[in-house]
Structure formats: structure tokens, C-alpha cells
Amino acid sequence: MTPFRVGLLGHGTVGSAFAELLAERAADVEAATGRRPEITGVLTRTRGDAAEVIDGSDLVVELIGGLEPAREYILRAIRTGKHVVTANKAVLSQHGEEIYAAAREAGVQLRFEAAVGGVVPVIRVIHETLAAAHIDRVHGIVNGTTNYILSEMARTGASYEEALSEAQELGYAEADPSDDVSGRDAAAKMAILARLAFGARVGLDDVSYEGVENLTREDIAYAKELDLSLKLVGTAERTGGGLSVRVHPTFLFGAHPLAAIGGSFNAVTIESPAITEVTLSGPGAGGSQTASAVLGDVVSAIIPPAALPLPPVDEPIVSDVESAFYLHLEVADRPGVLAQVAEILGLQGVSVKSVVQHGLGDDARLEMVVHRVLESRFLAAVDLIGRLEFLRSPPRVIRVIEETF
Ligand SMILES: NC(=O)c1ccc[n+]([C@@H]2O[C@H](COP(=O)([O-])OP(=O)(O)OC[C@H]3O[C@@H](n4cnc5c(N)ncnc54)[C@H](OP(=O)(O)O)[C@@H]3O)[C@@H](O)[C@H]2O)c1
């Protein structure tokens with residue numbers, strides 16, 4: 001039997017771990033599939049020729065990252081009839097439609113399990129296992145760096161800056177962490193998940209996102225009193241008017257499956273009336289972990305299942321959606337304050353779930369969680385509350401997921 005020729009583009013953290021893992025596991029893969037995978041060409045900035053590596057392979061593994069030349073090489077591979085495996089969320093979230101369409105047209109496998117959630121098999125589960133479930137909502141902790149930072153802030157009382165520099169020292173955060181802490185990396189991954197879960201055209205530009213840079217240790221400390229934990233959560237959901245895909249710092253009640261996901265782990269919950277809820281969790285990054293997901297895709301490509309993903313349907317993207325919220329107010333401690341706040345919330349149709357009040361000498365701190373309400377209505381109420389003369393500092397607002405399972 002001729003070997004299954006793998007062209008490897010990129011030999012960095014993941015690429016080198018992949019090459020090592022493939023050499024270790026080639027015999028097992030052969031036993032399972034009847035073909036022995038073999039790396040027949042490697043491209044880096046200083047080694048190899050892209051055209052030669054691609055043309056001389058049956059399957060191309062793209063582990064360069066970024067937009068170009070990754071996009072160009074992926075398209076070249078597809079158009080010359082090669083299967084492609086990639087871990088590149090940036091290129092899929094920004095040039096996905098072009099790449100998916102080219103793969104459908106060429107009839108080749110395009111697999112990208114490692115682009116979202118590292119080794120967590122969420123792409124396969126959404127595309128294959130839950131192919132018949134009508135998915136309503138996906139929540140994900142899909143960035144390990146920010147989850148590590150928030151977990152440390154909660155565990156040790158560290159500030160955001162302290163937790164970030166610790167994450168950098170331990171290798172959980174890059175020297176330039178901006179894509180992670182701004183929420184952009186998570187937004188790219190949520191675009192890919194939404195594209196698969198809903199079959200609709202969703203790209204990075206459709207995802208609104210907010211990062212963790214402005215969170216304070218006080219946000220986390222106060223929320224503990226309400227049994228809430230703070231996570232950077234990506235949400236992709238069907239709403240009455242269309243799809244919403246977003247990433248925000250979010251409070252979760254202790255019983256929510258994502259509340260317990262600590263450190264640099266990733267997790268995704270998938271909700272559908274047919275299955276209630278499924279949660280998958282595991283390491284979200286790391287060379288050897290990601291390489292394992294990449295090799296899994298190579299094995300799947302040798303024994304091909306259905307093409308991935310299906311053609312898009314057009315659904316509008318909506319921006320104003322319902323959510324529960326946490327509201328934190330520092331106010332003068334005098335009679336009537338709570339009543340005025342409650343009246344403004346009531347006029348906007350905002351219903352309060354719980355309130356905690358603390359005296360701070362002449363001032364008081366009010367923390368409340370409100371039930372799901374349209375974001376625009378809640379923010380209109382907060383805007384009015386922010387103008388009340390007894391307020392001591394601007395209101396702080398954080399989204400809350402109310403559901404527990
Ligand atoms: N690291 C993780 O834990 C992780 C987890 C999940 C997904 N991913 C994804 O996996 C991919 C690779 O990440 P990584 O961490 O392995 O990156 P990396 O360590 O920076 O390695 C990148 C590799 O690509 C090569 N390269 C860069 N620009 C190139 C160009 N213009 N032409 C040819 N080769 C080029 C580099 O060449 P040189 O060796 O010459 O520098 C290097 O070998 C990215 O899409 C990333 O998002 C990574």
C-alpha cells in the first residue's frame with residue numbers, strides 16, 4: 001500500500017508536535033485506516049518550497065496561522081485536489097466562505113477541529129453527532145488565556161494586571177496578548193461554531209465582542225456574594241429575529257456547566273430541545289494537545305465522512321438580544337434611593353431577580369441581578385440611573401447567564 005502523503009505547512013509549536021506525534025502513531029493509524037501517513041514535505045519561512053510541498057501530498061496540514069499566505073496555500077491545496085486540515089481560526093473566520101466553497105467544489109475534505117477549543121471535539125460533535133439536532137444556542141469558554149486570568153483573579157484576589165503577567169510567565173499568554181484579552185480570538189472561534197451550528201454565513205465581522213481588560217478584582221469579589229462566577233463567554237444563538245453571535249464577560253450561576261471550568265481549560269455547551277444540553281471540556285491549547293486534534297482530523301480524512309460544512313443559508317444577524325444582567329451601583333445611603341432605581345428599571349420592563357445592599361458609611365453599594373430583558377431596554381434604564389444625582393460612580397454592568405441544568 002502506498003503511504004498517505006502529508007504536506008506540513010508550518011513547523012512551530014503545533015507543527016513540530018504534530019510531526020512528532022505522527023511519527024509515533026503512524027503504525028496505529030495504518031492499522032485503523034489501511035494507509036500509513038508519512039510527512040513528505042515541510043514548509044517554514046526558511047525551509048521548503050510551498051508548491052512542491054503541496055503538489056507532492058495527498059493531504060496538506062496548515063499550521064502557519066494568520067491570513068496570508070495561509071489562505072493562498074489552503075486554496076492552492078484544495079484546488080489541486082488535496083484534503084486540508086488546519087488549526088487556523090483567523091483564516092476560517094475571515095475567509096471561511098471562500099475556503100468552504102472551494103472545498104465543496106473540489107470534493108475534498110476540509111477539517112479544522114483544532115481551530116476551536118484545542119483538543120475539545122466540538123466541531124465533530126456539532127457537525128456529525130448533533131447533525132440531526134436543531135441547535136438553539138452554543139455557549140463557549142473558547143479562550144484559555146482569559147479563562148486562566150479570570151480563574152486566578154477569583155482564586156487569589158489578584159488584579160487583572162497581576163493575573164495577566166502571571167499567565168505570561170507560565171506561557172498561558174503570549175507576549176502580545178491583545179487578541180486574547182480583547183475577546184477577538186474568542187469571537188473568531190464563535191464565528192466558526194455559529195457557521196457550523198446554524199449553517200448560516202457568519203464571519204468575524206458579524207460577532208460583537210468585549211474583552212476582559214476592564215474587569216476589576218472588585219467585580220469578581222462582589223459577585224461571589226451572589227454565588228456568581230465570572231467567565232469570558234461566547235454565545236451563538238437563534239433569537240426571534242435571527243442569529244446573534246457575541247463574546248462578553250459574563251456571570252454564571254454556580255450550577256451552570258461552564259461555571260466550573262477553571263484555569264486554561266476550554267468548554268462548550270450546546271443546547272437543543274432534542275438533547276437538552278451537552279457540555280464538552282478539555283485543554284484549549286498547547287502543542288501536543290492541539291497536535292492530537294490535528295492528527296485526529298488526518299485520520300478522519302483518510303476515511304472520509306460527509307463533506308464539511310454544508311452550504312450557507314441566509315439569516316439576518318441581530319444585535320439587540322435578551323440577556324440577564326448584573327448591575328452594580330455605588331450610591332448615597334439615604335431613603336428612597338432603591339425605590340427610584342426600582343422605578344426606572346420597572347418603567348423599562350426590567351424585573352429584578354435579587355438585590356444585595358451594603359452600607360459604606362455615608363454611601364451604599366447596591367448589587368442586583370435582573371431577569372432576561374432586551375439589552376437596549378436594560379441599557380436605557382442604566383443610562384437613566386447613571387444620571388441620578390445620588391450616584392457616586394458610573395454603574396457597572398455585566399451580563400449574566402440565568403440558565404442552569
Ligand atoms: N499554539 C497553540 O497552542 C495552538 C492551539 C490551537 C490552535 N493553534 C493554531 O495553530 C496554528 C499554528 O500555531 P503555532 O502556535 O504552532 O504557531 P508558531 O509556533 O508561530 O509556528 C508557525 C510556523 O509557521 C511558519 N511560518 C510562518 N509564516 C510563514 C510563511 N510566511 N511561510 C511559511 N511558513 C511560515 C513558521 O516558520 P519558522 O519556523 O521559520 O518561524 C513556523 O514554523 C495557528 O493557526 C494557531 O492559531 C495553535
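I worked from a predicted model, in which local features need pLDDT of at least 70, side-chain atom pairs count only at pLDDT 80 or more, and totals for chains, interfaces and linings use all residues. Residues are numbered from 1 along each chain as its sequence is written, and side-chain values use heavy atoms, with hydrogens and water left out.

**Ligand shell.** I found 20 residues around the ligand, of which His 11, Thr 13, Val 14, Arg 45 and Gly 286 come nearest (a residue is near if one of its heavy atoms lies within 4 Å of the molecule). The shell divides into eight nonpolar, ten polar and two charged residues, where Asp, Glu, Lys and Arg count as charged, Ala, Val, Leu, Ile, Met, Phe, Trp, Tyr, Cys and Pro as nonpolar, and the others, Gly among them, as polar.

**Polar contacts.** Taking pairs of N or O atoms within 3.5 Å, I noted that a polar backbone atom of His 11 is 2.8 Å from an oxygen atom of the ligand. For Thr 13, a backbone N or O atom lies 2.9 Å from a ligand oxygen, and for Gly 286 the corresponding distance is 2.8 Å. The protein covers 72% of the 900 Å² of accessible area that the ligand has on its own (Shrake-Rupley method, 1.4 Å probe).

**Pro 257.** I then located Pro 257 in the loop between strand 9 (243-253) and strand 10 (265-272), strands being DSSP runs of E with at least two residues, numbered from the N terminus. Why does Pro 257 count as partly exposed? Its relative accessibility is 21%, and partly exposed is the range between buried, under 20%, and exposed, over 50% (1.4 Å probe, protein chains only). The C-alpha atoms of Pro 257 and Val 247, ten residues apart along the chain, are separated by 17 Å.

Methods: A polar contact is a pair of N or O atoms within 3.5 Å; within protein, one must be able to donate a hydrogen and the other to accept it, and residues adjacent in sequence count only if both atoms are side-chain atoms. Helices (H or I, at least four residues) and strands (E, at least two) are DSSP runs, numbered from the N terminus.
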